[in-house]
Amino acid sequence: MSDQNEERKPNKVRLNVNGFDNTISQFILKDTTPLGKMMRTYCEMKGLDVTLIKFLYDGKRIQNTSTAHGEEIPDNATIELFQKQDGGNFCQCIFT
């Protein structure tokens, strides 16, 4: 009988990051590795500021502490990039 408290063995996953210029960068990492590590590495490779970029999988934002296992991201999944945008500005215009 197996022990239920026994930790599972991490699996390797391939994640494809679809960049702004439609190039695909592939990362291979353990499914228990925080995805923030991949996000920082991608931004360093491309010369981007990680605080200005959002990484999304299936329309859901990926947090720095998220893992592929925790977010149920499958092998060979595509991560999309978006540039952060501060909220709009309300402008009250008076037309005469």
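Which residue in β2 does Asn 16 stand opposite? Asn 16 stands opposite Gln 26. The model is predicted, so local features were taken at pLDDT of at least 70 and side-chain atom pairs at pLDDT 80 or more, whereas totals for chains, interfaces and linings use all residues. Residues are numbered from 1 along each chain as its sequence is written, and side-chain values use heavy atoms, without hydrogens or water.

Helices (H or I, at least four residues) and strands (E, at least two) are DSSP runs, numbered from the N terminus. Along the sequence the pattern is β-β-α-β-β-β. Buried residues (under 20% relative accessible area, 1.4 Å probe, protein chains only) make up 28% of the 96 residues. Contact means heavy atoms within 4.5 Å. Of the contacts with a separation of 6 or more, 50% join residues 24 or more positions apart.

The five strands form an open sheet in the order β2-β1-β5-β3-β4, with mixed pairing. Two strands count as paired if DSSP finds at least two bridges between them. Strand β1 (residues 12-18) and β2 pair in the antiparallel sense over seven bridges. Helix α1 packs on the sheet and touches β1, β2, β3 and β5 (77-83). The direction of α1 makes about 145 degrees with that of β2. Axes are lines fitted to C-alpha atoms, for helices over the stretch in contact, and angles run from 0 to 180 degrees between N-to-C directions.

Asp 31 is found in the loop between β2 (24-30) and α1. Asp 31 is buried, at a relative accessible area of 7%. Beyond its neighbours within four places in sequence, Asp 31 contacts Arg 8, Pro 10, Asn 11, Val 13, Thr 67, Ala 68 and His 69.

The largest pocket has a volume of about 150 Å³. A pocket is an open set of points on a 1 Å grid over the protein atoms alone, where a 1.4 Å probe fits, with protein on both sides within 12 Å along at least five of seven lines; lining residues have an atom within 4 Å of a point. The volume is the space filled by probe spheres set on the points, which are joined across faces, edges and corners. Both α1 (35-46) and β3 (53-57) supply at least two lining residues. The largest share, three residues, comes from β3. Lining residues include Met 39, Arg 40, Ile 53, Phe 55 and Lys 84. The lining divides into five nonpolar, three polar and four charged residues.

Definitions and conventions. Nonpolar A, V, L, I, M, F, W, Y, C, P; charged D, E, K, R; others polar. Buried < 20%, exposed > 50% of the residue type's maximum accessible area, 1.4 Å probe, protein only.
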